[in-house]
Structure formats: structure tokens, C-alpha cells
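Here is a short report on one protein model. It looks at a sheet and then at a pocket.

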Amino acid sequence: MLSGVNTRATGWTEVGPGCFARRYPSFDVTVGVVVGADGLLVVDTRGSLGEADELRADLVALSSAPVRWVVDTHWHFDHCFGNARFTEAAIYGHETVPEMLATEAEAVRASLAERSPEWAREMGELVVVPPSRTFSSVAVVDLGDRQVELVHPGRGHTAGDVAARVPDADVVYVGDLIEESGPPMYGEDSFPLEWPATLDLLTGLLTERTAVVPGHGAVVDRAFAQAQRIEVSNVAETVRHLAAEGVPVDKALDAGEWPYPRESLAHAVRRGYEHLGSTGAGRRSLPLLPP
Ligand SMILES: [Zn+2]
């Protein structure tokens with residue numbers, strides 16, 4: 001299975017048989033590779049064409065096999081703006097990803113272009129390529145001698161998070177549903193109230209020995225993922241509690257006890273209140289009768 005693989009290639013960590021991870025300083029993204037008889041499956045393509053070129057060079061150092069499959073763990077730029085360098089591969093992603101890219105990528109590109117002259121040039125050259133193989137809940141990729149299961153365990157970090165599970169190696173690449181290098185990122189497109197149930201399903205796929213590869217940071221294990229599930233659940237419960245107590249949304253951050261620094265939770269609170277409002281807490285109602 002591993003013929004043609006240079007397991008001593010620097011920078012790559014073998015997290016399970018024929019499964020690799022590599023942590024890049026830029027945005028501290030962790031990329032994955034699964035080696036199969038028919039080629040390589042790459043998990044996430046990084047944030048620009050330049051970063052994807054660097055990844056491709058690092059892949060060549062690891063293996064002479066072609067990249068046949070790519071998995072975008074979610075639509076955020078640091079995970080899929082490198083897709084254009086992998087168009088010979090089948091690019092898998094959740095069915096919500098193409099639309100998120102269509103509606104959001106231009107704004108992200110514009111804000112990244114303001115980072116530096118180098119990023120301005122990178123974003124000028126960028127071609128946003130959405131996944132070519134989308135799915136709603138599960139998909140299986142056959143690498144010839146092994147299979148990789150792709151699972152959308154529910155909404156959380158985004159509407160379309162995907163985990164890539166390699167059953168024969170007990171390795172799971174979880175994208176940003178679990179983060180190691182900082183608190184889980186609650187952005188404008190997150191689903192803070194659904195995230196705990198999503199992690200219930202995800203952690204149910206893990207064993208005591210599973211290598212859990214997060215989208216950012218170092219490889220962790222099931223105990224780490226379960227601990228993060230409890231924290232994410234605390235955030236959701238605190239939002240529900242504050243909303244039920246009638247605490248106004250702009251006072252909620254100060255009023256709550258949180259497992260993470262407050263400044264990382266502004267969107268968690270706002271999105272949580274929004275979602276409660278839209279699911280029957282009385283803020284909005286369906287027009288049952290025509291006016
Ligand atoms: Zn993300």
C-alpha cells in the first residue's frame with residue numbers, strides 16, 4: 001500500500017498507517033493525506049494558489065502517486081481556496097459549499113487582499129473552484145485498497161462541515177468541528193446551538209485510539225474531542241439560558257459564564273439568539289393568514 005511513499009519526508013506526521021498530517025504556519029491550518037493503491041486523497045487545499053503550490057510540492061516529497069481525490073472539510077478560504085490547483089482530482093464537499101462560495105467568496109477575497117501586497121496579488125490570481133462531487137450526509141471514496149468515509153455529522157462550525165474517516169487506520173480528519181490550537185471558531189455562519197449534537201455524532205465515530213486530526217493545530221484524541229463537546233455544549237446551554245431569562249442579546253456576553261474567552265463568542269451569542277428566535281421562542285412567527 002505504501003510503495004512510493006517517503007515516510008521520512010520532512011514536515012509530514014504519519015498519524016496512522018498511510019495517513020498523514022501536516023501543520024502549516026499560515027493560519028495554522030492542518031492538512032491531511034490518505035495514501036491508497038490508486039492515488040492520494042488530500043484533505044483541504046489551503047488558502048491561496050501560492051499556498052496550494054507549496055502543498056503540491058510537499059505532496060511530491062511525500063509520494064510519487066497522483067492526487068486523485070480532494071476533500072474540502074468546509075467552505076472557509078483557508079481550507080479550500082487552493083482547490084484550483086487540484087482540478088484533476090475529484091473534489092468532494094458538502095452540498096452547501098458551492099452556494100456558500102458563490103455568495104461569500106468574493107467578500108472574503110476582498111478582505112484577504114487587504115492583508116498585504118502579497119495577499120493582494122494572491123487574491124488577484126485566485127480562481128475559486130467549488131467541490132465537483134457534493135453530498136448531503138455521507139459519501140465513500142474508494143482508494144483502490146482502502147475506503148475513506150466522508151460524513152456530514154450536522155451543522156456546527158458551518159452549515160457544511162465534513163469529517164473524513166479512515167476506518168482501517170482509525171484516523172478521522174475533522175476539519176474545524178474540533179480545533180486544537182485555540183477555541184472552536186464561532187463565525188457569522190456558525191450554528192452554535194446545533195454544534196453539540198453534531199459533536200455527539202462525530203465523537204460516536206471515535207475509539208479510544210482514534211487519531212483525531214483537527215483543521216487547526218496538533219493531532220488529538222477522543223478524550224480531547226469529548227472535552228470540547230462539553231465546552232461547546234456549555235456555550236449552547238448558556239445562550240439558551242440567558243435568552244430564556246430575557247437577557248438582551250447585547251448584554252449576554254457579559255452576563256454569562258463561558259468556557260472560552262468572551263471575545264471569541266460574540267457570534268456564538270448573536271447566532272444563538274437568532275436561531276432561538278427563528279425556532280419558536282416567540283420573536284418571529286409564520287404568517288398563517290394572508291394579510
Ligand atoms: Zn473554518
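## A pair of strands

Ala164 has Tyr173, in strand S11, as its bridge partner. Strand S10 covers residues 163-166 and strand S11 covers residues 171-175. The two run antiparallel and are joined by three bridges. Strands count as paired if DSSP finds at least two bridges between them. Strands (E, at least two residues) and helices (H or I, at least four) are DSSP runs, numbered from the N terminus.

The model is predicted: local features need pLDDT of at least 70, side-chain atom pairs count only at pLDDT 80 or more, and totals for chains, interfaces and linings use all residues. Residues are numbered from 1 along each chain as its sequence is written, and side-chain values use heavy atoms, with hydrogens and water left out.

## The sheet

Five strands form an open sheet in the order S8-S9-S10-S11-S12. The pairing is mixed. S8 (138-142) and S12 (211-214) are the edge strands; each has a single partner strand, so one side of each lacks a neighbour in the sheet.

## The largest pocket

The lining of the largest pocket has 17 residues. Trp75, His76, Met185, Gly187 and Asp189 lie nearest the centre. Helix H2 (77-80) and helix H3 (97-113) each give two or more residues to this lining. H3 has the largest share, with four residues.

A pocket here is an open set of points on a 1 Å grid over the protein atoms alone, where a 1.4 Å probe fits, with protein on both sides within 12 Å along at least five of seven lines; lining residues have an atom within 4 Å of a point.
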